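I set out to look up how the strands pair and where the nonpolar side chains gather. My entries follow the order in which I looked.

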Amino acid sequence: MPRFAFSLLATSVVSSFTTMPVFSHGLDFERIEVVGRQTRLNGEALSASAGLVGQQEIAAVPLLRVGEVLELVPGMVVTQHSGSGKANQYFLRGFNLDHGTDFAVSVNGMPVNMRTHGHGQGYTDINFVIPEFIKHIEYSKGAYSALDGDFSTAGSAQFYLANTAQNNLAKLEVGEDNYRRVVAGNTLEQGNHSIFFGGELHQYDGPWQDVNEDINKRNGVINYQQQTEQGGLMVTLMAYDNSWNAADQIPSRAVSQGLINRLGSLDPSLGGESERYSLSANFTHKDFHANVYGISSSLNLFSNFTYFLNDPENGDQFQQVDDRNIYGGDVGYHFSASPTDMDWVHQLGLQFRIDDIDEVGLHNSAQRQRLSTVRTDAVEQQSTALYYQGDLLLTSRLTLRLGARYDMMDVQVESDNPLNSGDADDDLFSVSGGISYIFSPRWEGYINAGQSFHSNDARGATITLDPQTGDAAQPVDLLVRGNTAEVGVRYFDSKSLNFSASLWWLELDSELLFVGDAGNTEAGRASKRYGAEIAAYYWFNDQLSADVELALTHSRFKGQAPGEGNHIDGALSDVLSTGLSWHFAPNWQLSARLRHFGPRALDSYKQQESDGLTVLNAKVAYEYQSWQFTLQALNLLDSEDHDIDYLYESQLANETNPVEDVHYHPIEPRTWRASVSYRF
């Protein structure tokens, strides 16, 4: 959506404010109080690994970057390998999810994962979300809901934004390395309708030696609501604009040789620009619901991972371009139809999405100046899905859940090389099911199984010629099947303990992905994963609470391949997160959070491993009347661990041959941030 269109729509909504009434929070038109971890999910959740995070918990957690709100999903790890203006790197259930290949994210019903993206399949950038204005996050792991489709094999998270400011907010935050952030939100109410305005300005230079990160982020949201006796309407407008310079991953040998230090860069001209504008509407009437959206998104990104390997004269910097509009929606109907005396609730729905990609391209560049084109394409990608989900109450304690989903996808690729142009289509029928049993008012058990998928890049489905080498290339399947299963248990006592534990299993037919950094398709083998997870949240009293989340995973490729082992590169085997929240004096609160994830195999034989990462963040807050003052210490112990590690060949300017080396991005050194906020 162009900027002028966004402004026009915002003006239209504001001008109609005096004639429209309001409905309640999020996309749920019932008046439900969301208290996060202390919300009873027994009898409601699909599985033991599903959960809910509220704004109170989000506000209490020290955050280095907005993407880390997803670390409130137990077992999820969020890191970064480049500038903080681009999508984060995600890890969950033995997946190096890259930027989101097998974890689906939505905001107010709008999908965030990008298909056939210039930087990576499933690209999931949530920098456009303002943490203070998240009402709550619903998450689930595994593929046990028929409502979840593309990219949801490992799980999904749905963000619901605030539709009113419980207390209107003005906030100023400052910190080291010229960190500056301003957030403001206000609600106007008249009669039975309201409109919420929120905005964020964010600037940051970063701690890097050779790069001034120069983040310049602007976010805005307008959320209009009305409520009727039989349903409601919500219209959300969002705008996001960001530019940044990037300190990219660096080779270990450059640091050991003294060419740069751990905060240095070999190419200081990297970075990018990103924009996102959206309009969405959610409507319910009795048992009918509809959600429609339009999104305009663009990314212009400059990276350099191999330095002088391919072009000793100009260097290996490359430019990735993505410019698209997305249109889609979800229409559904709930009803009860019980052929026997047993209660049976049904949900039928239709989902559709169109990605109209004007340009998705890869170009060689130097100092952010384009030198040549590797490939550039225009893509039309459409998908339609029909789904059914039903809950059958077999007894007062036993519930059977059944789901079915049929997905169809077709793509049309128009490439600069006609040999790589073409059409492709694919379809999948998926089923899911689960049983939950209430042992007592506090204990519930679950057994779940389901199927899902991720789509591959459309260019990989029509490719015949490798744009880098000119060699023949083999097209890949457009849709890739994933199968999951889980058994688990949940205990809930809102006054003392929320506990869940699960054993899970997952298989993926192929880890096929289009590699945007190279412009071609690499075919991966089928894989299998299994593991155990525990999440426990304990309230000692009204002043003190603690939590522990532990995830252990075994991940391997299936079968053998010539010259390769069966370890999955970058797969995490263990993740531990623990936190403490303590109201240690009147109006004072201390929050601390420790996260640890263990070593990862960097090659398929596990001959080289990364080190683990451990980082401690802390936050202290003081409230006085309507004011709140906070101080955050991020990476309190000043760890020098790595956000991420890769093993591959690169070549420095002083080298005549490529060298296989570990390339890493360090976590940011200890940094202090302070804020003052006023609610009115």
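This is a predicted model: local features need pLDDT of at least 70, side-chain atom pairs count only at pLDDT 80 or more; totals for chains, interfaces and linings use all residues.

Entry 1, the open sheet. I found an open sheet of 3 strands, ordered β14-β34-β33, with antiparallel pairing. I noted β14 (250–251) and β33 (642–650) as the edge strands, each pairing on one side only. I then looked at β14 against β34 (residues 659–666), and their antiparallel pairing runs over 2 bridges. Within β34, tyrosine 664 is the residue that stands opposite isoleucine 250.

Entry 2, strands β28 to β30. I followed β28 (residues 544–557), which pairs with β29 (residues 574–585) in the antiparallel sense over 9 bridges. Serine 545 has serine 581 of β29 as its bridge partner. I next recorded that β29 also pairs with β30 (residues 588–597), again antiparallel, over 9 bridges. There, threonine 578 is bridged to leucine 594 in β30. I checked the hairpin of β29 and β30: 2 residues lie between the strands, and asparagine 587 takes a positive phi near 75°.

Which residues touch the most other members of the largest nonpolar core? I found Leu70, Ile126 and Phe159, out of 58 residues in that core. Strand β16 (residues 288–303) gives the most to this core, with 4 residues. I listed the contacts of isoleucine 126 beyond four places in sequence; among them are Val66, Leu70, Tyr90, Val105 and Phe159. I also noted a second, separate core of 13 residues, including Met409, Ala424, Phe453 and Leu478.

Notes. Residues are numbered from 1 along each chain as its sequence is written. Side-chain values use heavy atoms; hydrogens and water are left out. Two strands pair if DSSP finds at least two bridges between them. A nonpolar core is a set of buried Ala, Val, Leu, Ile, Met, Phe, Trp, Tyr and Cys residues joined through side-chain atoms within 4.5 Å. Buried means under 20% relative accessible area, exposed over 50%, partly exposed in between (1.4 Å probe, protein chains only). Contact means heavy atoms within 4.5 Å.
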